[in-house]
Amino acid sequence: MANNEDLFKKIISHAKEYGFVFQSSEIYDGLSAVYDYGQYGAELKNNIKNYWWKAMVQHHENIVGLDAAIFMHPTTWKASGHVDAFSDPMIDNKDSKKRYRADVLVEDFMAKIEAKINKEVVKAAKRFGDTFDKGQFLDTNPRVVKNKEKIEAIKNRLYPAMDNNDFDGIKQLIIDLEIACPVSGSRNWTDVRQFNLMFSTQIGSTAEGANQIYLRPETAQGIFVNYLNVQKTGRMKLPFGIAQIGKAFRNEIVARQFIFRMREFEQMEMQFFVKPGEELKWYEHWKQERLNWHLSLGIPAEKYRFHDHEKLAHYANAAADIEFDFPIGFKELEGIHSRTDFDLGAHQKHSGKKLQFFDPELNESYVPYVVETSIGLDRTFLAVFSHAYTEEVLDDGSERIVMNIPPVLSPIKAAVFPLIKKGGLPEKAREIFDDLKLDWMCQYDEKDAIGRRYRRQDAIGTPYCITVDHQTLEDNTVTIRERDSMKQDRISIEEISGIIAGRIKENR
Ligand code: ATP
């Protein structure tokens with residue numbers, strides 16, 4: 001079994017080799033942390049979008065969609081707090097010239113201590129067997145207790161320093177913990193500085209009249225500023241939601257993890273407007289509902305976990321991440337945030353327009369509270385893609401790489417092959433293909449031996465291969481080969497579409 005770093009490299013090269021993900025402007029040596037999706041990547045991405053949109057919008061009567069512009073009035077970002085506070089503390093190592101997020105350096109340090117604790121637990125569990133009481137062990141083992149205290153002490157310095165923009169304090173913490181640069185190994189650090197993550201540009205044609213605007217760093221604000229438009233025109237009653245899929249841009253300081261952290265990426269967000277006081281009930285509801293969505297893809301539950309935030313953003317009264325076990329470890333995939341009335345309240349104040357809901361039961365108007373679900377499309381792509389990547393040794397000793405992509409998301413649903421390139425088989429295969437393609441994304445392939453054609457489809461995650469042979473011409477039957485089991489069955493041509501449909505429904 002390859003270690004995770006090797007596995008991650010293999011996944012990245014598979015993504016490139018099979019037309020899923022390319023480095024942006026690769027012929028010019030690429031652009032850092034920007035990626036393009038190739039012929040199969042674009043399909044997979046679209047399928048993830050549709051799967052999310054259906055679950056959120058189509059399956060909920062009280063959730064509607066929106067497609068807001070990327071450019072927004074600059075005051076939007078003043079109101080949302082992004083102009084003043086959407087920044088990360090950065091620090092450079094003078095020897096390696098590498099730039100880091102100062103808080104991430106400290107968090108990684110804490111994660112190492114956490115890993116030590118986990119190791120102790122595993123060791124002890126082995127030693128004590130059935131009688132092992134994890135809670136008691138964590139509370140009483142002297143080494144564990146000491147490490148837990150260490151983490152607490154670090155948190156007690158890091159979080160207040162972050163809240164107060166105390167950059168000297170963060171730097172002192174890095175010095176006191178003797179954190180070294182992972183590249184140079186040295187502790188030769190610059191001061192910590194604030195770095196705003198928003199990209200800005202100019203709108204307007206004349207230099208004098210031009211205004212500075214931003215590329216949106218999140219899609220959520222497009223929903224908030226349209227709250228009243230949608231509520232009124234859709235005659236929506238609380239609770240209701242507005243969902244949106246779209247690009248977001250962040251000038252990330254550290255962007256070295258393939259499509260996990262990009263400078264241009266896509267978000268799928270839903271803002272759920274509720275009566276004040278009911279937000280924590282809905283927050284719990286959406287936490288569970290979103291986890292269920294992930295599980296509906298058939299990826300095992302142990303690949304996911306919740307991470308409840310201890311340190312809440314100033315606008316939130318509850319927040320959790322759904323983390324996924326990526327090849328680079330458990331990391332945030334989706335955030336569920338109870339954002340109170342912070343955003344609508346701020347836009348109401350800055351715009352001077354009332355952003356309220358008239359509650360007919362109470363006979364009064366108020367600013368609704370909001371529960372947000374915010375998932376990264378590219379990170380979902382990476383989660384699905386990395387989980388699907390499987391190297392198999394077959395019974396005959398040969399090897400195959402198969403992408404066990406949930407069929408509902410597979411770029412190609414079925415490939416149609418003539419067994420050989422003559423005897424009327426290509427014509428018959430094309431006829432079947434031309435019919436299937438009206439309902440499903442399909443491929444026709446007659447090149448190379450059948451085994452190689454199967455391998456090509458396995459490598460892009462196609463659930464079914466349909467082969468036309470001489471018998472097809474006699475009785476209108478074909479063989480259908482299933483991707484995961486490689487089992488082949490003989491079925492009639494009319495059954496193909498139903499089999500594909502049945503398999504795709506499994507994920508609902
Ligand atoms: P992180 O802590 O990893 O930077 P975040 O907490 O800033 O993420 P949010 O602002 O909550 O992220 O954004 C919601 C979702 O958008 C995240 O859960 C993630 O899936 C996605 N996302 C955020 N930043 C990026 C990025 N740079 N590249 C790809 N996806 C991203």
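Residues are numbered from 1 along each chain as its sequence is written, and side-chain values rest on heavy atoms, with hydrogens and water left out. As the model is predicted, local features need pLDDT of at least 70 and side-chain atom pairs count only at pLDDT 80 or more, whereas totals for chains, interfaces and linings use all residues.

The chain is divided into domain 1 (1-72 + 197-404), domain 2 (87-196) and domain 3 (412-505), with bounds that come from an automatic or database domain assignment. The C-alpha centres of domain 1 and domain 2 lie 28 Å apart, and the contact between these two domains (heavy atoms within 4.5 Å) takes nine residues from domain 1 and 14 residues from domain 2. The size of an interface is often given as the accessible area lost when the parts come together. Domain 1 and domain 2 bury about 1000 Å² between them, with 56% of this area on carbon and sulfur atoms; buried area here is the accessible area (1.4 Å probe) that two parts lose on being put together, summed over both. On the domain 1 side, Leu-197, Ile-253 and Lys-311 lose the most area to domain 2, and together they account for 57% of what that side buries.

One salt bridge is found across the interface of domain 1 and domain 2, a salt bridge being a side-chain nitrogen of Lys or Arg within 4 Å of a carboxyl oxygen of Asp or Glu. Glu-310 forms a salt bridge with Lys-155, with the closest N and O atoms 3.1 Å apart. The structure as a whole holds 35 salt bridges, among them one between the side chains of Glu-266 and Lys-49, at 3.1 Å from N to O. Glu-266 lies in strand E10 (residues 264-274) and Lys-49 in helix H2 (residues 39-58), so this pair ties together parts that are 217 residues apart in sequence. Helices (H or I, at least four residues) and strands (E, at least two) are DSSP runs, numbered from the N terminus.

Grid points are joined across faces, edges and corners, and a volume is the space filled by probe spheres set on the points. The second largest pocket has a volume of about 280 Å³ and is lined by 14 residues, of which Val-225, His-347, Ser-351, Lys-353 and Leu-355 lie nearest its centre. Helix H3 (75-79), helix H10 (227-233) and helix H12 (342-351) each give two or more residues to this lining, and the largest share, four residues, comes from H10. By class, the lining has four nonpolar, eight polar and two charged residues, where Ala, Val, Leu, Ile, Met, Phe, Trp, Tyr, Cys and Pro count as nonpolar, Asp, Glu, Lys and Arg as charged, and the others, Gly among them, as polar.

The count comes to one cavity of 30 Å³ or more, and the largest cavity has a volume of about 30 Å³. Helix H13 (residues 377-388) gives the most to its lining, with three residues, and the lining divides into six nonpolar, two polar and no charged residues.

Most residues other than glycine have a negative phi, and most peptide bonds are trans. A cis peptide bond, with omega about -10 degrees, joins Leu-238 and Pro-239, and Pro-239 lies in the loop between H10 and strand E9 (240-249).

Terms used: On a 1 Å grid over the protein atoms alone, a cavity is a set of points where a 1.4 Å probe fits but cannot get out, and a pocket is an open set with protein on both sides within 12 Å along at least five of seven lines; lining residues have an atom within 4 Å of a point.
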